[in-house]
Amino acid sequence: MPESEKNNTVDDAQLQFTPSGQLKHLLTIRGLAREQIVELLDRSQEFVIAEGEAVVRSTALRGRTVANLFFEPSTRTRASFDLSAKRLGADVLNLDVNTSSRKKGESILDMIYTLQAMQVDVFVVRDAEAGVPAHIARHVSNFVSVLNAGESHVSHPTQALLDLLTIRQRKGKIENLHVAIVGDIAHSRVARSVSEALATMGVGSLRLVSPKALAPDIHAFPEDAIVTEDLDEGIAGADVVMALRIQRERIGSLDGVPGVDEYFSAYGVSHKRMQLAAPDAIVMHPGPMNRGIEIESSLADSPCSVIRDQVRNGVAVRMAVLSTVVKSLEDLHK
Amino acid sequence: MPESEKNNTVDDAQLQFTPSGQLKHLLTIRGLAREQIVELLDRSQEFVIAEGEAVVRSTALRGRTVANLFFEPSTRTRASFDLSAKRLGADVLNLDVNTSSRKKGESILDMIYTLQAMQVDVFVVRDAEAGVPAHIARHVSNFVSVLNAGESHVSHPTQALLDLLTIRQRKGKIENLHVAIVGDIAHSRVARSVSEALATMGVGSLRLVSPKALAPDIHAFPEDAIVTEDLDEGIAGADVVMALRIQRERIGSLDGVPGVDEYFSAYGVSHKRMQLAAPDAIVMHPGPMNRGIEIESSLADSPCSVIRDQVRNGVAVRMAVLSTVVKSLEDLHK
Amino acid sequence: MPESEKNNTVDDAQLQFTPSGQLKHLLTIRGLAREQIVELLDRSQEFVIAEGEAVVRSTALRGRTVANLFFEPSTRTRASFDLSAKRLGADVLNLDVNTSSRKKGESILDMIYTLQAMQVDVFVVRDAEAGVPAHIARHVSNFVSVLNAGESHVSHPTQALLDLLTIRQRKGKIENLHVAIVGDIAHSRVARSVSEALATMGVGSLRLVSPKALAPDIHAFPEDAIVTEDLDEGIAGADVVMALRIQRERIGSLDGVPGVDEYFSAYGVSHKRMQLAAPDAIVMHPGPMNRGIEIESSLADSPCSVIRDQVRNGVAVRMAVLSTVVKSLEDLHK
């Protein structure tokens, strides 16, 4: 995409809203006001059901088409968007991008224009390159919505919302909580998006814990975030501890972290480590987990773990976001 | 999976039922009583339609989600489950396991827990490793059902049921029939499951015909099965002759069966060979066929062949099984 | 397939109709009368909607199953058929042929018989080999329809119909228009099918423009088509200019066209070139485009371009064809 488009993140945030301020695209948490986040969480909560209950179904997207464009492999996020759209009554188009026209040299935009001409209403986009979802949103017709389903190491807004919803369910609030995010912050779109969301919601403190080589680009995180290499310091008194996935192949190249055992010992979230946190602290992980590397396996299955709640809430959040943006499109064209 | 879980097939059979004896998972034919099989066949028959008739549709699975988890490639069984679930009104999630999180090192169980948290109600599982469907069934929530869609060389229960249904349609009964199964018995999950089912239904005789190198592990088959290397002996007077698929690459390594021609000559089910069977004998094959290897091509298309009926009945059986297990889940949680 | 079947294209044309003359398969434009084409276009037009309007939905295919069998990779045509079938209420089976039984050596016909036994009503077939769709149509049951979704370099009938519809929308008619088709005619199923359709509709002149090495087999095109290597000559006064996709790797091997720049200069459809066409001429392309090779990029996005209309009309045409053939099946079996 053009160089000129690469760094206009302020514009990305504005791009998300209709002239009357309704959410039309979801590209980034940036630019979402506290009340807008609360409204999305409230709407999401309506789609949450207890295990074994019949799923909430709606016809809010009947006659609408949702296209899942995953240019990076994904099982869970793709399945989550797929089921969310189907449970709202949409037709879903899952595009296998490996066997697609992109091979034949067609540009992303020409692919988008083509699908748009087939009356796709919502594009759900995951891409390894930063800027792609906003690039698409800038070029689609005024009748079309774009949702970011994971963008390089930059942004993953529905993940941030499902994390907030999960915290709120257990803690009753997000304000003033102490939250520690632990692991490979440098490469984590989850860490960036959830940090922005937590800051907007008035979190008490945000601690970013990682080995030096995986430390955050501080310009991409809230100003008052606490950056530390010391897990004991970061986890002390925390209400929420979020472990991040680390790619095994990265571990070998970390200064002072020569192997998996050393990584777990220094940065693994474990029962023992959780004793430093607040007494009723919860443990989160965006999945898929490397058990025994970034998180102790038995901790992931213990009562303080909300990892499966996160997954369940993911469907609810995506249903809420899909119905919100489609409503905005409809209002825009009344 | 843990070694301790690998051989508890008795438990697998029990695992399938709710405390009140309703079928909740379908993992193996073992443990199914004659009346339970008859009930499933009766229910399946209601879903069978004549060619060209509109398919039977139902809303028994409306609001339910069926996930097809095929860790081995499959066209026909996957399509059969897919269409069965859709015709019952379910949402279907087809997971392409090659591009899935399994690559990233996530365990099967974590994948299952994740999908379960997205309110998947039924997992349809095919796996090359023995024990995987039962392993999953042992760990899912009490609100979730697991169906075995083909497990290593061990079990393929819906195939057994569709074979029984097909025989019953042509012969009016299964009791006292003489059935010959011919070919690569050693590697066949079909042979194992259908043999168990035939024994439960009181078949007259069961003959297992194969070259020595592909002979059955007799402990996995009914005690009174007749094992022979002589096709003429095995087929004599048979009411039902079932040819099994053989992988071409196996043929070259068989003692006394150096090539395809020799295999067909010794173990191919042909018009000529069928003259030894009962006058109105039927020919079956689970597909996909190697025409001219395990079965004479023109025989497969002749009036005594019920091979396409087997496929049609496969959809009916899977609709019956899906609606049965979902009904059991509902009764369990009333 | 048998040699004897390879060249009976007259039969293919007849094969498409029921005894009472209704369209049952769509294999080729050949054999379609002018009134039949007009009727299909009229029906298609009913499914065309303005951008942002809710899609037209119908229950014409409720309870029907459409199987997309794409033996060549495709995004746009497959997505178009998929959405068309879903918007008519059908169940859709998308078969990933790479992971299919075809690997295991099953013949196409056995795969078809299997899917037919699962009550698939319509097969949508794309294949790199000529004759495959007709071969299938000759063997399916009398209750089943076959649609050609792209056949080698021979035939692509729904593309031809969507091109006619697009022309008719802009020009109000097709009769007496001057149409130039430019580029790799030799390898183009689009060029063949649309030329047949234009001839049937009474086009004013048809000009086929290509470098010598990519010139048409004139026996496959209407007798009075004008064949030329000179784009200026071919485009002069044309009402419609259709650029064809060229595979980049072909360019290097063309006499007198050593590179991409030379190709664009000699055969690229550009703003400058369009000045030779009729004043209100339109530009078409079947996609996906190589911008800057066979078509000037800015021309493709200019007001005279109807390229996105073609895509939109593709869905409408496929909905019309699907509902037409299913209606024919129903009438046949009343």
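**Exercise 1.** With which residue does A:Glu196 form a salt bridge, and how far apart are the closest N and O atoms?

*Solution.* The model examined here is predicted. In it, the salt-bridge partner of A:Glu196 is A:Arg30, and their closest N and O atoms lie 2.5 Å apart.

**Exercise 2.** Describe the division of chain A into domains and the interface between them.

*Solution.* 
1. Begin with the bounds: domain 1 of chain A covers 3-152 + 312-332, and domain 2 covers 157-303. Their centres, taken over C-alpha atoms, are separated by 26 Å.
2. Count the residues in contact: domain 1 of chain A contributes 31 and domain 2 of chain A contributes 22.
3. Consider the area. The two domains of chain A bury about 2100 Å² between them, with 59% of it on carbon and sulfur atoms. On the side of domain 1, the residues that lose the most area to domain 2 are A:Ile29, A:Arg34 and A:Leu41, which together account for 29% of what that side buries.
4. Turn to the polar terms: four salt bridges are found across this interface of domain 1 and domain 2 of chain A, and 10 residue pairs are in polar contact there (both at pLDDT 80 or more).
5. Assign the domain 1 side to elements. Two or more residues each come from α2 (34-46), α3 (76-87), β3 (122-127), β4 (145-151) and α13 (307-332) of chain A; α2(A) gives the most, with eight residues.
6. Classify that side: 13 of its residues are nonpolar, eight polar and 10 charged.

**Exercise 3.** Characterise the interface of chain B and chain A.

*Solution.* 
1. Chain B supplies 21 residues to the contact and chain A supplies 25.
2. About 2300 Å² is buried between chain B and chain A, 54% of it on carbon and sulfur atoms.
3. Two salt bridges link the chains. One of them joins A:Arg57 to B:Asp91, with 2.8 Å between the closest N and O atoms.
4. On the chain B side, β2 (91-95) and α4 (108-117) each supply at least two residues. The largest share, six residues, comes from α4(B).
5. By class, this side of chain B has eight nonpolar, nine polar and four charged residues.

Key:
Residues are numbered from 1 along each chain as its sequence is written. Chains are lettered from A and ligands numbered from 1 in the order in which they are written. This is a predicted model: local features need pLDDT of at least 70, side-chain atom pairs count only at pLDDT 80 or more; totals for chains, interfaces and linings use all residues. Side-chain values use heavy atoms; hydrogens and water are left out. Contact means heavy atoms within 4.5 Å. Buried area is the accessible area (1.4 Å probe) that two parts lose on being put together, summed over both. A salt bridge is a side-chain nitrogen of Lys or Arg within 4 Å of a carboxyl oxygen of Asp or Glu. Helices (H or I, at least four residues) and strands (E, at least two) are DSSP runs, numbered from the N terminus. Ala, Val, Leu, Ile, Met, Phe, Trp, Tyr, Cys and Pro count as nonpolar, Asp, Glu, Lys and Arg as charged, and the others, Gly among them, as polar. Domain bounds come from an automatic or database domain assignment. A polar contact is a pair of N or O atoms within 3.5 Å; within protein, one must be able to donate a hydrogen and the other to accept it, and residues adjacent in sequence count only if both atoms are side-chain atoms.
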